[in-house]
Amino acid sequence: MNHPQTAPHSGMPSPVGMPTGYPGTGHRAAGPVRRPGLVVAMLAVTVLSALSGALSALVVYIGGKDLADENVRNAVDSDPTAVGLSAGTDSADIKQLSGTMWDSVVTEWQSTMSARATIAMVFAVAVLLLALGARKGAVWARVLLTIVVLLSAAFPHALVLRDAAPTGLYSASLGAILLGLVAVVLAWLPPVGRYKKALQGR
């Protein structure tokens, strides 16, 4: 007697209503975790903060002694002691300074500005590197990013704002501070932490 032949089934059928994935398990295969928009925004703002910090340094390097001269003249009207002049010095007093004395003040201030610019550039590079670690929500990267942003905001950028810097330098440093603080806030919002956990659970 011949019996009807049926094609063999591969694996066990999934129960009705259960997702399919791996044969016979009823579990869906793990797919890629989509990066939340908040994480993308955090990365964008962090990069912009770093670029603003780097721009402030480049402004100093390119401006050179002329920028230092302009900065000293602005500072004389707001806080002459910030650039090494005696309190109460005003713009009219500058005319009474000899060329050599004025040149000495400007040269010394240019050295100070260059040192700050170098520190700003180092911090900018550090922020960019930490952004790479923070793109997956790594806690260590977010902690270090917070520390570096706060340090760069306090020094040198806050000093640049205090010392009546020319408009271009002032704007770049202000942008580095504000964008950096926004990046820190975004880095610690809950969606970033959930994204990190989702990546770990894949």
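**Figure 1. Lining of the second largest cavity in the predicted model.** The residues S49, A50, G53, A120, F123, A124, V127, V149, S152, H157, A176 and G180 line the second largest cavity of this predicted model. The volume of this cavity is about 60 Å³. Four helices, α1, α3, α4 and α5, each contribute at least two residues to the lining. The greatest contribution is that of α3, with four residues. Classified by residue type, the lining of the second largest cavity comprises seven nonpolar and five polar residues, and no charged residues.

**Figure 2. Lining of the largest cavity.** At least two lining residues come from each of α1, α3 (99-134), α4 and α5. Helix α3 provides the largest share, five residues. In the lining of the largest cavity, 10 residues are nonpolar, four are polar and two are charged.

Figure 3. When neighbours within four places in sequence are left aside, the residues in contact with D163 are N71, A75, A82, W109 and R116.

Figure 4. The peptide bond joining F155 and P156 is cis, with omega at about 20 degrees. P156 is placed in helix α4. Although A164 is not a glycine, its phi is positive, at about 55 degrees.

Figure 5. Helix α6 covers residues 190-200, and its buried residues are V192, G193, Y195 and K196. Viewed down the axis of α6, these residues lie within an arc of 155 degrees, so they line one face of the helix. In an α-helix there are 3.6 residues a turn, so residues three or four places apart point the same way. The exposed residues P190, R194 and K197 are carried on the face of α6 turned away from the buried side. The cover over the buried residues of α6 includes α1 (37-78), α4 (139-162) and α5 (167-187).

**Figure 6. Overall context of the close-up views.** The protein chain contains six helices and zero strands, and the order of its elements from the N terminus is α-α-α-α-α-α. Of the 202 residues in the chain, 37% are buried. Among contacts with a separation of 6 or more, 71% are between residues 24 or more positions apart. The accessible surface of the chain amounts to about 11,900 Å², and carbon and sulfur atoms account for 65% of this area.

Conventions. Residues are numbered from 1 along each chain as its sequence is written. This is a predicted model: local features need pLDDT of at least 70, side-chain atom pairs count only at pLDDT 80 or more; totals for chains, interfaces and linings use all residues. Side-chain values use heavy atoms; hydrogens and water are left out. Buried means under 20% relative accessible area, exposed over 50%, partly exposed in between (1.4 Å probe, protein chains only). The arc is that of the directions from the helix axis to the C-beta atoms. Contact means heavy atoms within 4.5 Å. Ala, Val, Leu, Ile, Met, Phe, Trp, Tyr, Cys and Pro count as nonpolar, Asp, Glu, Lys and Arg as charged, and the others, Gly among them, as polar. On a 1 Å grid over the protein atoms alone, a cavity is a set of points where a 1.4 Å probe fits but cannot get out, and a pocket is an open set with protein on both sides within 12 Å along at least five of seven lines; lining residues have an atom within 4 Å of a point. Grid points are joined across faces, edges and corners, and a volume is the space filled by probe spheres set on the points. Accessible areas come from the Shrake-Rupley method with a 1.4 Å probe; for residues, only the protein chains shown count as cover.
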